[in-house]
Amino acid sequence: MAQRFILNEVSYFGAGCRKELPEVLNRMGLKKALVCSDKGLIKVGTTAKVTEVLDDVNFPYEIYSEIKPNPTVTNVKQGVEAFKASGADCIIAIGGGSSMDTAKGIGIVANNPEFSDIVSLEGCAPTKKKSVPIIALPTTAGTGAEVTINYVIIDEERQAKMVCVDPNDIPAVAIVDPELMYSLPKGLTAATGMDALTHAIEGYITKGAWVMSDMYELQAIKMIAENLPIAVDEPTNPVGREGMALAQYIAAQAFSNVGLGLVHGMAHPMGSLHDIPHGVANALLLPTIMEFNMPKCIEKFGIIAKTMGVNTDGMTPEEAAKAAVDAVKALSIRVGIPQTLTELGIKEEDIPALAAQAITDVCTPGNPRDVTEAEIVELYKKVL
Ligand SMILES: NC(=O)c1ccc[n+]([C@@H]2O[C@H](COP(=O)([O-])OP(=O)(O)OC[C@H]3O[C@@H](n4cnc5c(N)ncnc54)[C@H](O)[C@@H]3O)[C@@H](O)[C@H]2O)c1
Ligand SMILES: [Fe+2]
């Protein structure tokens with residue numbers, strides 16, 4: 001079987017690297033941008049850290065900010081209209097997965113108008129043309145959407161998250177500046193960081209994993225275990241922020257190509273039906289789904305435990321695998337993630353609807369252990 005691996009062409013890393021933006025725009029011959037960034041980021045002044053760089057060189061732009069966390073079809077449709085009205089020739093996405101994913105939807109539809117209903121983009125959409133050039137500047141260390149071929153949009157009519165997989169949406173340039181993450185509050189730092197860990201672990205054990213993706217995911221797991229507690233405890237310590245900025249990017253390079261698993265499959269309905277932040281949903285589910293997957297992943301879980309710094313010498317393979325689950329759970333508690341659905345306001349009677357969506361989610365078939373809807377119900381109950 002042929003293996004495919006898609007990466008973006010150009011990325012910049014390091015504190016202050018957003019200052020490369022004018023040179024990037026100049027090199028690409030771009031003349032005007034639609035800046036996609038959500039209202040929360042504009043309020044805390046993070047968006048301005050980038051638009052100031054544009055102002056300094058008088059680069060014209062307009063801002064589109066009708067983007068809610070867990071963005072919707074309506075957010076994308078309005079964004080397409082804003083793009084057309086602006087006369088822009090590129091999109092600068094400044095934000096977390098929500099702003100970057102909305103930008104991807106806008107960029108794809110602008111150049112492939114036959115998909116303007118947005119819902120027809122779900123799954124592997126057969127678009128013919130590359131998105132409008134997107135320059136993505138992540139402000140969370142989580143989704144890695146600046147380097148993935150995916151975007152996730154809620155279809156409000158079905159109240160379901162659509163995962164859209166399309167190599168044409170990959171941003172032309174990623175600018176990963178950890179200084180844009182300093183303003184991220186503790187809770188969001190923890191949740192988005194645990195999303196990145198979930199990407200790395202699910203990407204490492206997914207059915208499509210192979211030597212190339214394993215190489216990225218193990219490095220990401222190591223860096224997240226080391227740096228997430230620092231980023232949460234000391235928001236302006238460059239070590240933690242830089243480590244997490246890089247780790248989430250590395251994890252995303254691989255999961256974008258090999259897929260994810262049941263944690264994401266079960267987290268997506270929590271976002272669409274209950275508006276739970278994506279990272280919180282993943283973090284809460286991860287240890288329990290790892291336990292479920294354990295029979296299929298003994299060896300790889302042992303490697304995860306070691307990679308997270310556990311001394312597995314003298315342990316049986318099963319003990320070492322269990323140690324990985326314990327290490328993930330300990331990290332999740334350490335960074336303050338809620339541990340039950342009840343804490344998030346989800347009730348037992350909500351579980352059947354969650355399970356019905358989870359079983360059809362695009363990420364679920366990538367899980368290393370096959371799962372039934374009845375088993376998914378039991379797994380949600382375990383974390384109730
Ligand atoms: N494209 C992909 O490959 C991919 C992968 C995983 C998840 N996702 C999707 O991404 C979305 C989640 O993205 P996210 O977790 O990055 O969060 P987000 O973009 O939804 O942002 C969450 C909140 O954090 C705030 N915020 C972001 N950065 C901040 C900063 N630096 N300072 C202060 N506040 C800040 C935002 O204003 C927002 O209120 C979900 O819809 C999820 O399904 C996409
Ligand atoms: Fe995710």
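Helices α9 and α14 are roughly perpendicular to each other in this predicted model. Their axes form an angle of about 75 degrees, which falls in the range of 65 to 115 degrees and therefore counts as roughly perpendicular.

**Packing of α9 and α14**

- Helix α9 covers residues 262-274 and helix α14 covers residues 373-382, and the two axes lie 12 Å apart.
- On the α9 side, the contact is made by Leu-262, Met-266, Pro-269 and Met-270.
- On the α14 side, Ile-376, Leu-379 and Tyr-380 take part.
- The residues of this contact comprise 7 nonpolar, with no polar and no charged residues.

**Salt bridge Asp-169 to Lys-104**

- Asp-169 and Lys-104 form a salt bridge whose closest N and O atoms are 3.9 Å apart.
- Asp-169 sits in the loop between β8 (160-165) and β9 (173-176), while Lys-104 belongs to helix α5 (residues 97-111).
- Asp-169 has 0% relative accessibility and so counts as buried.
- Lys-104 likewise counts as buried, because its relative accessibility is 0%.

**Salt bridge Lys-207 to Asp-370**

- Lys-207 pairs with Asp-370 in a salt bridge, the closest N and O atoms being 2.7 Å apart.
- Lys-207 lies in the loop between α6 (186-205) and α7 (211-233), and Asp-370 lies in the loop between α13 (351-358) and α14.
- These two residues are 163 residues apart, so the pair links distant parts of the chain.
- Lys-207 is partly exposed, because its relative accessible area is 49%.
- Asp-370 reaches 58% relative accessibility and therefore counts as exposed.

**Salt bridge Asp-214 to Lys-300**

- Asp-214 and Lys-300 form a salt bridge with their closest N and O atoms 3.1 Å apart.
- The pair connects helix α7, which holds Asp-214, with helix α11 (residues 298-307), which holds Lys-300.
- The two residues are 86 residues apart and belong to distant parts of the chain.
- Asp-214 counts as buried because its relative accessibility is 17%, under the 20% cut-off.
- Lys-300 has a relative accessible area of 22% and is therefore partly exposed.

**Salt-bridge network**

- Arg-18, Asp-177 and Glu-179 are joined into one network by salt bridges that share partners.

Definitions and conventions. Residues are numbered from 1 along each chain as its sequence is written. Chains are lettered from A and ligands numbered from 1 in the order in which they are written. This is a predicted model: local features need pLDDT of at least 70, side-chain atom pairs count only at pLDDT 80 or more; totals for chains, interfaces and linings use all residues. Side-chain values use heavy atoms; hydrogens and water are left out. Axes are lines fitted to C-alpha atoms, for helices over the stretch in contact, and angles run from 0 to 180 degrees between N-to-C directions. Helices (H or I, at least four residues) and strands (E, at least two) are DSSP runs, numbered from the N terminus. Angles under 35 degrees count as roughly parallel, over 145 as roughly antiparallel, 65 to 115 as roughly perpendicular and the rest as oblique. Contact means heavy atoms within 4.5 Å. Ala, Val, Leu, Ile, Met, Phe, Trp, Tyr, Cys and Pro count as nonpolar, Asp, Glu, Lys and Arg as charged, and the others, Gly among them, as polar. A salt bridge is a side-chain nitrogen of Lys or Arg within 4 Å of a carboxyl oxygen of Asp or Glu. Buried means under 20% relative accessible area, exposed over 50%, partly exposed in between (1.4 Å probe, protein chains only).
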